[in-house]
Amino acid sequence: MLPEDSLEGRIILVTGGAGGIGAPLVSILRSRGAQVTTLGRGEMPGRHIRADLSTQAGIAQAAEQARLLAPHMLFNVAGRQYFGPVEGQRPADLAADYMVNLIAPVSLAQAVLPLMKQRGRGHIVNVGSVFGSISFAHFAGYSSAKAGLKGFSQALRREVRGSGVTVCHVAPRGVNTGFNGPMVQRLATLTGMKLDDPIHVANRILRAAIAGKPDTIIGWPEALFTRLNALFPGLVDRALAGNNAKAASLFSIGADQGATIHPQIQEKTHAR
């Protein structure tokens with residue numbers, strides 16, 4: 001557990017700090033006196049490490065800079081998402097998605113762990129997704145990468161137990177940010193998907209980190225469905241069948257447009 005006032009002067013690294021979740025999180029951390037460094041492929045004001053987390057070279061550069069920074073806390077927030085039939089995603093884009101969503105957070109954790117262990121304290125916060133516990137159709141790559149991040153977080157937490165290092169995994173449901181492009185917004189409308197306020201989500205992430213809470217799922221009934229999916233996946237298959245069909249309809253021949261709606265990939269930014 002981390003006392004809230006201990007954020008004063010803490011060196012904190014946040015990936016995806018320009019995104020819909022990352023930006024309010026950075027703002028909250030700085031308002032509490034933390035020395036925040038952001039990490040991403042674009043330019044940002046303040047302390048910033050510029051690196052492309054979708055490539056091996058970029059991840060290696062980011063990991064080295066993270067090691068030199070020696071943060072007290074690491075927030076892995078950056079994400080990348082594809083929505084559409086799995087066969088419609090280009091292999092290079094699929095590989096980049098796994099790089100950003102899974103390989104980068106693992107590599108950054110590897111980079112900062114040695115000094116955290118040496119200090120006898122440190123905090124690694126991995127922002128995953130409900131999709132990592134309930135794998136959704138037409139989000140196959142994203143869901144599987146986030147499932148990997150959840151598994152890594154659990155394994156690492158068990159590995160560092162007793163070292164003073166805490167590992168938190170936070171799984172938001174849909175969040176109302178630019179990360180969701182027009183097609184995902186249409187899906188949300190069709191299915192009644194709830195999209196949470198990003199400031200609320202950022203505060204929940206920070207509270208989980210301060211409390212050292214191992215797993216946090218944001219949203220109801222999603223929190224219930226994650227447990228049901230672990231015990232009775234067939235039941236969840238049936239419960240999601242209707243929404244899966246609605247998602248599939250977005251990629252069929254449109255009666256109004258007379259043309260196929262192509263899958264969407266969010267590539268403008270790696271930030272959530």
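In the predicted model, the accessible surface of the protein chain amounts to about 12,200 Å², and carbon and sulfur atoms contribute 56% of this area. Of the 272 residues in the chain, 51% are buried. The charged side chains comprise 28 positive and 17 negative groups, and the centres of these two sets are separated by 5 Å.

The secondary structure of the protein chain consists of eight helices and nine strands. The radius of gyration is 18 Å, close to the 19 Å given by the globule rule for 272 residues, and the chain is therefore as compact as a globular protein of that length. Along the principal axes, the C-alpha atoms occupy a box of roughly 60 × 40 × 30 Å.

Several backbone features fall in loops. The peptide bond that joins Trp-220 and Pro-221 is cis, with omega at about 15°, and Pro-221 belongs to the loop that runs between strand S8 (215–217) and helix H7 (222–231). Ala-70, although not a glycine, adopts a positive phi of about 55°; this residue is placed in the loop between helix H2 (56–69) and strand S4 (73–76), and it counts as buried because its relative accessibility, 14%, is under the 20% cut-off. A positive phi, here of about 70°, is also found at His-138, which is likewise not a glycine. His-138 lies in the loop between strand S6 (122–127) and helix H4 (140–159), and with a relative accessibility of 18% it too is counted as buried.

Helix H5, which spans residues 182–191, contains the buried residues Met-183, Val-184, Leu-187 and Ala-188. When the helix is viewed down its axis, the buried residues of H5 fall within an arc of 145°, so they line one face of the helix. In an α-helix there are 3.6 residues a turn, and residues three or four places apart therefore point the same way. The exposed residues Pro-182 and Thr-189 are carried on the face of H5 that is turned away from its buried side. Just after H5, Gly-192 takes a positive phi of about 75°.

How values were computed: Residues numbered from 1 in each chain as written. Predicted model: local features only at pLDDT ≥ 70, side-chain atom pairs only at ≥ 80, totals over all residues. Heavy atoms only, no water. Helix = DSSP H or I, 4+ residues; strand = E, 2+ residues; numbered from the N terminus. Rg over C-alpha atoms; globule rule 2.2 N^0.38 Å. Buried < 20%, exposed > 50% of the residue type's maximum accessible area, 1.4 Å probe, protein only. Areas by Shrake-Rupley, 256 points an atom, 1.4 Å probe, with all protein chains shown as cover. Lys, Arg positive; Asp, Glu negative; His and termini not counted. Charge placed at Lys NZ, Arg CZ, Asp CG, Glu CD. Arc of directions from axis to C-beta.
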